[in-house]
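Subject: Structure handover

Hello,

Here is the structure I promised to pass on. Please open it next to this email.

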Amino acid sequence: MLMRTDPFRELDRLAQQLMGPGTWSRPSAMAMDAYREGDEYVVAFDLPGVTADAIDIDVERNMLTVKAERRPVTKADDVQMELSERPLGVFSRQIVLADTLDTEHIKADYDAGVLTLRIPIAERAKPRKISIGVGSGHKEISG
């Protein structure tokens with residue numbers, strides 16, 4: 001027998017039941033972390049219980065869209081559900097990427113329920129040294 005004592009968790013569960021699970025037209029949000037690591041940006045999404053084939057990643061111009069669907073696990077006919085708190089349905093997140101990121105070379109990995117995207121910084125955005133010309137390289141402009 002399982003017992004809960006957190007009244008706010010029960011309110012969250014009731015709100016989720018009333019609003020229903022996320023759908024493709026009205027997806028639920030997914031948790032994420034974003035940080036810079038060297039010459040790339042890393043974005044990690046929590047998607048526990050989602051299979052890799054249920055994840056859809058799109059980039060259009062500078063808009064990154066990640067959609068995932070957590071489907072119910074098929075159970076035998078003699079199984080009676082006692083408690084169900086893990087949300088099912090569709091989860092989505094859209095991120096506007098800066099023009100300084102190279103969207104042509106995004107790498108995606110999925111491991112242990114975490115989708116990790118690595119987005120390299122574009123060469124034109126990396127710091128570089130500018131050489132200074134000295135000597136006879138000066139030209140006079142007359143108008």
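Predicted model: local features only at pLDDT ≥ 70, side-chain atom pairs only at ≥ 80, totals over all residues.

Strand 2 covers residues 32–37, and strand 3 covers residues 40–46. They pair in the antiparallel sense, over 6 bridges. Look for Tyr35: Val42 in strand 3 stands opposite. Between the two strands there are 2 residues. Gly38 in this hairpin takes a positive phi, near 65°.

Strand 4 (residues 55–60) pairs with strand 5 (residues 63–70). The sense is antiparallel, with 6 bridges. Here Val59 faces Leu64 of strand 5. Again, 2 residues sit between the strands. Which residue takes a positive phi in the hairpin of strand 4 and strand 5? That is Arg61, at a value near 55°.

The pocket. The second largest pocket has a volume of about 230 Å³. Its lining includes Arg70, Arg71, Pro72 and Val73. Met81, Leu83, Ser84, Glu85 and Arg86 are also among the lining residues. By class, the lining holds 5 nonpolar, 2 polar and 5 charged residues.

The serine. Ser92 belongs to strand 6, which spans residues 89–96. Is Ser92 buried or exposed? Ser92 counts as buried because its relative accessibility is 14%, and the cut-off for buried is under 20%. The Ser92 side chain reaches the backbone oxygen of Val66 at 3.5 Å.

Over to you.

Best wishes

Conventions: Residues numbered from 1 in each chain as written. Heavy atoms only, no water. Pairing = 2+ DSSP bridges. Helix = DSSP H or I, 4+ residues; strand = E, 2+ residues; numbered from the N terminus. 1 Å grid on protein atoms, 1.4 Å probe; cavity = no way out; pocket = protein on both sides within 12 Å on 5 of 7 lines; lining within 4 Å. Points joined across faces, edges and corners; volume = space filled by probe spheres on them. Nonpolar A, V, L, I, M, F, W, Y, C, P; charged D, E, K, R; others polar. Buried < 20%, exposed > 50% of the residue type's maximum accessible area, 1.4 Å probe, protein only. Polar contact = N/O pair within 3.5 Å; in protein donor to acceptor, adjacent residues only side chain to side chain.
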